[in-house]
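Here is a short report for someone meeting this structure for the first time. Please look over the sequence and the 3D view, then read on.

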Amino acid sequence: MTGFLGVNSEIQLSTNIDLNLGLIAEKLPNYQAFFSLRASLNLPFPPSQSIRLSYSAANRLPTLLEKHQNSQLITSDGDILNKIYIQDT
């Protein structure tokens, strides 16, 4: 499997309370699948406002920069303080 899948659902628990649920799944070759979950509860708050209680947990695939990073921190004297090189195939 390679790709992206997103699902969102809204469930009316009562006349004034809504529950929103969502799931996002991502998969690329050579990587495990990553999942992000979310849930929120919408409560009315008169006269024309509402209160939302939310929870989410997310994981994501690395960006191109994160996969192929090559950076250095160099002082004004030319000393290399930190070198990061990541090559992810």
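Strands β1 (3-12) and β3 (34-45) each supply at least two residues of the nonpolar patch. The model is a predicted one. The patch is made by L5, V7, L23, F35 and L37. Its area is about 450 Å².

L23 sits in strand β2, which covers residues 18-27. Is L23 buried, exposed or partly exposed? Its relative accessibility is 33%, so L23 counts as partly exposed. Buried would need a value under 20%, and exposed a value over 50%.

## The overall plan

The protein has one helix and six strands. Along the sequence they follow the pattern β-β-β-β-α-β-β.

How much of the protein is buried? Of its 89 residues, 13% are buried. The protein exposes about 7100 Å². Carbon and sulfur atoms supply 57% of that area.

Contacts can also be sorted by distance along the chain. Take the contacts with a separation of 6 or more: residues 24 or more positions apart account for 22% of them.

## Four strands in an open sheet

Which strand order does the open sheet have? The order is β1-β2-β3-β4, and the pairing is antiparallel. β1 and β4 stand at the edges. Each has a single partner strand, so one side of each is left without a neighbour in the sheet. From one strand to the next, the twist averages 15 degrees.

Strands of a sheet pair through backbone hydrogen bonds, in a parallel or an antiparallel way. The pairs of this sheet can now be taken in turn.

## From β1 to β2

β1 and β2 pair in the antiparallel sense, over 10 bridges. They form a hairpin, with five residues between the strands. Across this pair, E10 stands opposite N20 in β2.

## From β2 to β3

β2 and β3 are also antiparallel, with nine bridges between them. Two facing pairs can be picked out. L19 stands opposite L41 in β3. L21 stands opposite A39 in β3.

These strands form a hairpin with six residues between them. Which residue there takes a positive phi? It is N30, with a phi near 70 degrees.

## From β3 to β4

β3 pairs with strand β4 (residues 49-57) over nine bridges, again in the antiparallel sense. Three residues lie between β3 and β4 in their hairpin. L41 stands opposite L53 in β4. L41 is also the residue that L19 stands opposite.

## Two serines in the sheet

S40 lies in strand β3. Is S40 buried or exposed? Its relative accessibility is 9%, so S40 counts as buried. Which residues does S40 touch, not counting those up to four places away in sequence? They are D18, L19, N20, R52, L53 and S54.

S56 lies in strand β4. S56 is exposed, because its relative accessible area is 56%, and the cut-off is over 50%. Leaving aside neighbours within four places in sequence, S56 is in contact with L37 and R38. L37 is one of the residues that make the nonpolar patch.

S56 can also be placed against G22. The two are 34 residues apart in sequence. In space they are 9.1 Å apart, C-alpha to C-alpha.

## A buried leucine in a loop

Where is L61? L61 has its place in the loop between β4 and α1 (64-67). Its relative accessible area is 11%, so L61 is buried.

L61 touches E26, K27, L28, Y31, Q32 and F34, not counting residues up to four places away in sequence. How far is L61 from A33? The two are 28 residues apart in sequence. Their C-alpha atoms are 8.5 Å apart in space.

Terms used
Residues are numbered from 1 along each chain as its sequence is written. This is a predicted model: local features need pLDDT of at least 70, side-chain atom pairs count only at pLDDT 80 or more; totals for chains, interfaces and linings use all residues. Side-chain values use heavy atoms; hydrogens and water are left out. Patches are made of residues with over 30% relative accessible area and no salt bridge: like charges are joined within 9 Å, nonpolar side chains (Val, Leu, Ile, Met, Phe, Trp, Tyr) within 5 Å. Accessible areas come from the Shrake-Rupley method with a 1.4 Å probe; for residues, only the protein chains shown count as cover. A salt bridge is a side-chain nitrogen of Lys or Arg within 4 Å of a carboxyl oxygen of Asp or Glu. Buried means under 20% relative accessible area, exposed over 50%, partly exposed in between (1.4 Å probe, protein chains only). Two strands pair if DSSP finds at least two bridges between them. Axes are lines fitted to C-alpha atoms, for helices over the stretch in contact, and angles run from 0 to 180 degrees between N-to-C directions. Contact means heavy atoms within 4.5 Å.
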